[in-house]
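Please look through the sequence and the model shown here before reading on. The report that follows takes up a pair of helices and then a single residue in a loop.

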Amino acid sequence: MAVLSISPEVTIISVSSAFQGGLPAEMKDELAKFEKIHTLGGRLPSAQTSSEDIEVHSLDDVLSDEDDPERFNRVAEMLLADAWKQPLLLLVGDGDPGKAEVCGGLFKAAAEQRCRLRVFDVNGALGALLMAAGLETGSQFSVADAGRLASSHHPSFPPGFPAIIPDLKDGPTVGKMKPVLLAVYPRNTPSELSHRDAMPSSPSTT
């Protein structure tokens, strides 16, 4: 009998140091669901909710080894391994070592369907990306790798939820992706292009 494999789930809560008013209720509710919090910098951001019942596991000992060029990838893989045991929470703040690299590794894993990703972000670039895509923090969405998608015959993610493709770099890749997306999405499906240093463009259709 075949056994279905369920991808591990990783929740990332990213807190900006500029946010000093305390965590929003939705984030406090998320924190309350976990008995263990993984952090990158060894300390919780100042805006976190305090609880003596929460175990804090710092990954700073691995990230501080500057002689290991693979340390960011190793941390991302360690987090994925832990997530197979139980849903995992990674709480990161501004200035945490390897924040962009480790979170980027988790996004890549999500694009490869090696994990399911939930993101709550305050005053950060990721929050701006979700807003540009018209998504609420904590929404369910897929992350797709543009290169892999362009070379496929069929999207690797379910069409029932929005998809974010964060690494679009050129028109030819977009041209190769379009017929792949049209294999499952209707032609009038809304799409939106957002630039790193610009406001999101007006919605268009596939």
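In what follows, a helix axis is a line fitted to C-alpha atoms over the stretch in contact, and the angle between two axes, taken between N-to-C directions, runs from 0 to 180 degrees. Two packed helices are described by the angle between their axes and the distance between the axes.

In this predicted model, helix H3 (residues 71-83) packs against H4 at an angle of about 55 degrees, with the two axes 8 Å apart. H3 and H4 are therefore oblique to each other, and their crossing is right-handed. The residues that make the contact are set out by helix below.

| Helix | Residues in the contact |
|---|---|
| H3 | Phe72, Val75, Ala76, Leu79, Leu80 |
| H4 | Glu101, Val102, Gly105, Leu106, Ala109 |

By type, the residues of this contact divide into eight nonpolar, one polar and one charged.

Helix H4 itself covers residues 99-111, and because its 13 residues should span 18 Å at 1.5 Å a residue, the 18 Å between its end C-alpha atoms agrees with expectation. The buried residues of H4 are Val102, Cys103, Leu106, Phe107, Ala109, Ala110 and Ala111, and just after the helix, glutamine 113 takes a positive phi of about 65 degrees.

Tyrosine 185 lies in the loop between helix H7 (171-182) and strand S8 (190-191), and it counts as buried because its relative accessibility is 14%, where the cut-off is under 20%. Leaving aside neighbours within four places in sequence, tyrosine 185 is in contact with Phe157, Pro158, Pro159, Phe161 and Ala163. The C-alpha atoms of tyrosine 185 and proline 159 are separated by 6.8 Å, although these residues are 26 apart along the chain.

Terms used:
Residues numbered from 1 in each chain as written. Predicted model: local features only at pLDDT ≥ 70, side-chain atom pairs only at ≥ 80, totals over all residues. Heavy atoms only, no water. Helix = DSSP H or I, 4+ residues; strand = E, 2+ residues; numbered from the N terminus. Buried < 20%, exposed > 50% of the residue type's maximum accessible area, 1.4 Å probe, protein only. Contact = heavy atoms within 4.5 Å. Expected span 1.5 Å × (residues − 1). Parallel < 35°, antiparallel > 145°, perpendicular 65-115°, else oblique. Left-handed = near helix turned anticlockwise from the far one by under 90°. Nonpolar A, V, L, I, M, F, W, Y, C, P; charged D, E, K, R; others polar.
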